[in-house]
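Here are my notes to read alongside the model. Have the 3D view open as you go through the points.

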Amino acid sequence: MTRTPTLILLNSLRLSMRESVTKTEVSDFKNKWCDENQIISTIIKNELLEYFAEPILDVGAGQGDIAFTALHEKRVICIDVNEVTDKDYPLSEFHERIQVDFFDYNPNEKIKTIFISHTLQFLDEEMNLLNEKINIIDPDTIILVLNKNDDFLGDLIDWSEQNFVNPNPEVKVPGFPEGYTLSKTVNFKADLRCKSFSDLATQISYLMLIDLNEDINSELVHFLKMILKEPGFEINQIIEIYSKNES
Ligand SMILES: C[S@@+](CC[C@H](N)C(=O)[O-])C[C@H]1O[C@@H](n2cnc3c(N)ncnc32)[C@H](O)[C@@H]1O
């Protein structure tokens, strides 16, 4: 994410880079079109609960639905730059919501676990700042959920990089998190399935953090129709658990 507002206007096929997503976009992707959050929640509940020591900081929690479903009885602080309320999604009595930018957030208790699910692309513009912030909070464990980009999504990223000015998809960041060692991974597949190719193009613009205009929408739809029989595809994803290096 670029932390100062940027607008790049080139020609009609070129696009402005986006820096954020609205809560409606997050909720549409997660609730209408993609089953990733149900799968992530089930994996956490069944296999990974022991790694989530409390208190847990859910960074860019969105609706907070993963925490609500999988970490219901654990103490979780759900932070997000968007204002999300209990009307948008219910909150467990053990959780709290704070509307704040991660880089401005200073916990008033010792955080044991940082959970970053599909939010790294918003935080990784300045890696020094991110590693510094993580090192100040100093959790024992960091748990990331990331797209692997080794599948059709990887092809889409290549296509986007050729056709868009500055896409910002979620990619693995080498050297992050600094001072931590990968101790466990869980691979899984999620399904992104829409009613139309135009809806799918909209969801891809959300994933790549770009604004669609009519021209690029039809180019993207054309590209998708060439490759896919139906408006949907699987996304290979990974949960990575990092433990703090012994000092
Ligand atoms: C793709 S959504 C992921 C939501 C949730 N973690 C999930 O997996 O369902 C990314 C979220 O990160 C939030 N976000 C982006 N930049 C942020 C920042 N600097 N600090 C806190 N939240 C941020 C967005 O508002 C959005 O809700």
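**Notes on the fold and the ligand shell**

1. Start with helix α7, whose buried residues are Ile216, Leu220 and Leu224. They sit on the same side of α7, because the arc they cover around the axis is only 75 degrees (the arc is that of the directions from the helix axis to the C-beta atoms). "Buried" here asks for 20 or more other C-beta atoms within 10 Å of a residue's own; 12 or fewer makes it exposed, anything in between partly exposed, and C-beta atoms are placed from the backbone.

2. Before going on, a word on the source: this is a predicted model, where local features need pLDDT of at least 70, side-chain atom pairs count only at pLDDT 80 or more, and totals for chains, interfaces and linings use all residues. Numbering starts from 1 along each chain as its sequence is written.

3. Back to α7: what lies over its buried residues? The cover includes α5 (152-163) and α6 (197-208). Turned away from the buried side is a face with the exposed residues Glu214, His222, Lys225 and Met226.

4. Now the whole protein chain: it has seven helices and seven strands, in the order α-α-β-α-β-β-β-α-β-α-β-α-α-β. These are DSSP runs numbered from the N terminus, helices being H or I of at least four residues and strands E of at least two.

5. The C-alpha trace spans about 50 × 35 × 35 Å along its principal axes. Of the 247 residues, 35% are buried. Among contacts between residues at least 6 apart in sequence, 73% join residues at least 24 apart; a contact means C-beta atoms, placed from the backbone, within 7 Å.

6. Which residues come nearest to the ligand? Gly60, Gly62, Phe102, Ser117 and Phe122 do, out of 22 around it (a residue counts if its C-beta atom, placed from the backbone, lies within 6 Å). Elements giving two or more residues to this shell are α1 (23-33) and β2 (76-80).

7. Last, look at Glu234 in strand β7 (residues 232-244). Glu234 is partly exposed, because 13 other C-beta atoms lie within 10 Å. Beyond its neighbours within four places in sequence, Glu234 is in contact with Asp151, Lys189, Ala190 and Asp191. From Ser117, Glu234 is 117 residues away in sequence and 18 Å in space, C-alpha to C-alpha.

Definitions and conventions: Contact = placed C-beta atoms within 7 Å.
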